[in-house]
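Please look over the sequence and the structure before reading on.

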Amino acid sequence: MEAVAEGPGDKVADGAAKGTASIKSKFLTTKEKFHEFLDSKTQDSKEGKVSDNDVPNETAETSAEEPEAKKLKLDPEENNKSRKPDGKRVRGQNKSRPHMKPTTYDDKQLCLSVIQENKKCFYGEKCKFFHDVAEYMANKPADVGERCYIYDTFGKCQYSLSCRFAKAHTSPDLKNVVNEELVKAREGRTVVKNSLDKDLQNRLRKRSVSFKKSAEYLKTISKDNKEKTECQVIASAVVVIGFLLDKLQVSEEKQNLVKTVGPLTDADIVRLRPCEKKQVDFKDKLYLAPLTTCGNLPFRRVCKRFGADITCGEMAMCTNLLQGQQSEWALLKRHETEDLFGVQVEGCFPDTMTRCAELINNNTEVDFVDINSGCPIDLVYKKGGGCGLMTRSRKFEQIVRGMNYVLDVPLTVKIRTGVQEKCSIAHKLIPEMKKWGVSMITLHGRSREQRYTKLADWDYINTCSKLASPIPLFGNGDILSYEDAMKARETGVSGIMIARGALIKPWIFTEIKERRDWDISSGERLDILRDFTNYGLEHWGSDTRGLEKTRNFLLEWLSFLCRYIPVGLLERVPQRINERPPYYMGRDYLESLMASQHVGDWVKISEMLLGPVPKNFNFLPKHKANAYK
């Protein structure tokens, strides 16, 4: 920290407290006053006392009715239960989060045969869903808003009467209205690609999919292993013979200066040479990192709109893809706006990873495939995947060479500095990966042990970028402003990958491209959230099930967004990613509400956009309290 305080009061105001951001003193407050202010405004809004300056006008139009009162904040004594005996906050993930079934919030559903109109119900009298439209409408939850984003965009809402915005496209006789003009204009256009075909899913489940190229490569591995075993038996003889052969080869090379070309084989015809593979220009691009849970398709659309050049799907397990799991294949979906898109796969064995690469190559439209060899979580690492691959160089090589053999698109790799904090190994692996045929490397400047406890080592990233040349190397870690991005580019990396920075403020891509600090207003930030919810309703559905799924992902994202501190409130610009925000009052009620790190306040924001939560609603954040220390 650069700021130095003279007194206790100035210490907080100038941001000299260790790990705390510097905020102008007039905006600072205490935890008690902060929550008291938010609670009082909530109560005023129920009584109709909130002024137009406190909440933007557009927020009031999205909710059909007022939300129920929220639970009171925990007492200090109860709050201390979430702390360790030494006073430190609990860290890590909430691994035992309650799993909500899709039908939890929508137990009374309309039968699909009624939604699709005039189609016979397969289950007949045994069907458990509503067939009587009038009865369903009487039991259906109230609509959330007057306009349906899906209907306005596509001309037809496929969720018909089950849509939570059904008023916008329902006739007086309870029929689904269609805008023929819009439907015709979008005819033949595929908005989302890479969906799992039902026939392919069945063949994967029956294990009847052919992997010819993978079989060819795996034969070479088994042959190599056999030859290696035989060589070990006669190791001493090989040393002597090798020495003699080297001498003989030198003499032959002196005599034969012209090299001959061998016979043309099927492998030469079928297999693509590296120069014939699809080429991707990665240089000087802004790369949105593949982010588990939060890096979903609607979020990527938001970032794409703000200037992200490269997007990548969430990490997918290769074994789950090979089994045809619908939930895993959903991670490969690509929106039409994603012009440079890749998928990231995780695995620890050459056979499954090679087959998975061939499956992706033959059945999806992607610009590159990325190997995750940087995932630090125990579930992946203990199996030998993620960061574990960095310590298993032989298997790592077989995986890279195998995937390269079957792919028609570039293969990229994401790694960390190493597994242990003081034992970096990336600089040893990078020269080897160049030989294996990797097209691009992304290096996160931390080890597995570090996680996010220390700053990323950009000096080490710079060293590795020189070793990687001419292969492009992207740096990743601690970029939250355009100043951070400029410093990162000075290291000699080919480009930068942004992860947490994009979650905290997705407009960071605009800031970097326009080289400025954007003092974005609370109303503009709410518009970003509104766009996300619209994209979510389009992606997951506008019925109750899809709406609550959208809300769940919105709340996951809000756990990062609340860490953003508006530029106009900062004593020192820019905000650092490792600095936690103190309690402060925003320039309006909405800005203060968005700064809250309490789950109940995130729910309030979701209710502004998606209406009141169901009575049995439950949400526990994925990550525990403190990610700043």
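At what angle do α24 and helix α25 (residues 544–561) pack, and how far apart are their axes? In this predicted model, the two helices pack at an angle of about 145 degrees, and their axes lie 9 Å apart.

## Overall composition

The protein chain contains 27 helices and 11 strands. Of its 629 residues, 50% count as buried. Among contacts between residues at least 6 apart in sequence, 72% join residues at least 24 apart.

## Two helix pairs

Two packed helices are described by the angle between their axes and the distance between the axes. For α24 and α25, the crossing is right-handed. On the α24 side, the residues in contact are R525, I528, L529, F532, T533, G536, L537 and W540. They meet G546, L547, K549, T550, F553, L554, W557, L558 and L561 of α25. Sorted by class, this contact has 11 nonpolar, four polar and two charged residues.

A second pair is formed by helix α19 (residues 426–436) and helix α20 (residues 458–468), which pack at an angle of about 20 degrees with their axes 9 Å apart. Angles under 35 degrees count as roughly parallel, and α19 and α20 are therefore roughly parallel to each other. The crossing in which α19 passes α20 is right-handed. In α19, the residues A426, H427, I430 and K434 take part, and they meet Y460, C464, L467 and A468 in α20. By class, the contact of α19 with α20 has six nonpolar residues, one polar residue and one charged residue.

## Salt bridges

Across the whole structure, a search finds 28 salt bridges.

| Residue pair | N to O distance |
|---|---|
| D531 and R305 | 2.3 Å |
| K505 and E511 | 2.7 Å |
| D527 and R530 | 2.8 Å |

The pair of D531 and R305 links distant parts of the chain. D531 belongs to helix α24 (residues 522–540) and R305 to helix α13 (residues 297–305), and the two residues are 226 residues apart. D531 is partly exposed, with a relative accessible area of 21%. R305 likewise counts as partly exposed, at 44% relative accessibility.

The salt bridge between D527 and R530 lies within helix α24. Because D527 and R530 are three residues apart in that helix, they are separated by about one helical turn. D527 counts as partly exposed, at 33% relative accessibility, whereas R530 is buried, with a relative accessible area of 17%.

Salt bridges also join R446, D478 and R500, which are linked in a network.

## Helix α24 in summary

Several of the features described above involve helix α24. This helix packs against α25 with the axes 9 Å apart. Another salt bridge joins D527 to R530, both of them residues of α24.

Note on methods. Residues numbered from 1 in each chain as written. Predicted model: local features only at pLDDT ≥ 70, side-chain atom pairs only at ≥ 80, totals over all residues. Heavy atoms only, no water. Axes fitted to C-alpha atoms, helices over the stretch in contact; angles between N-to-C directions. Helix = DSSP H or I, 4+ residues; strand = E, 2+ residues; numbered from the N terminus. Parallel < 35°, antiparallel > 145°, perpendicular 65-115°, else oblique. Left-handed = near helix turned anticlockwise from the far one by under 90°. Contact = heavy atoms within 4.5 Å. Nonpolar A, V, L, I, M, F, W, Y, C, P; charged D, E, K, R; others polar. Salt bridge = Lys/Arg side-chain N within 4 Å of Asp/Glu carboxyl O. Buried < 20%, exposed > 50% of the residue type's maximum accessible area, 1.4 Å probe, protein only.
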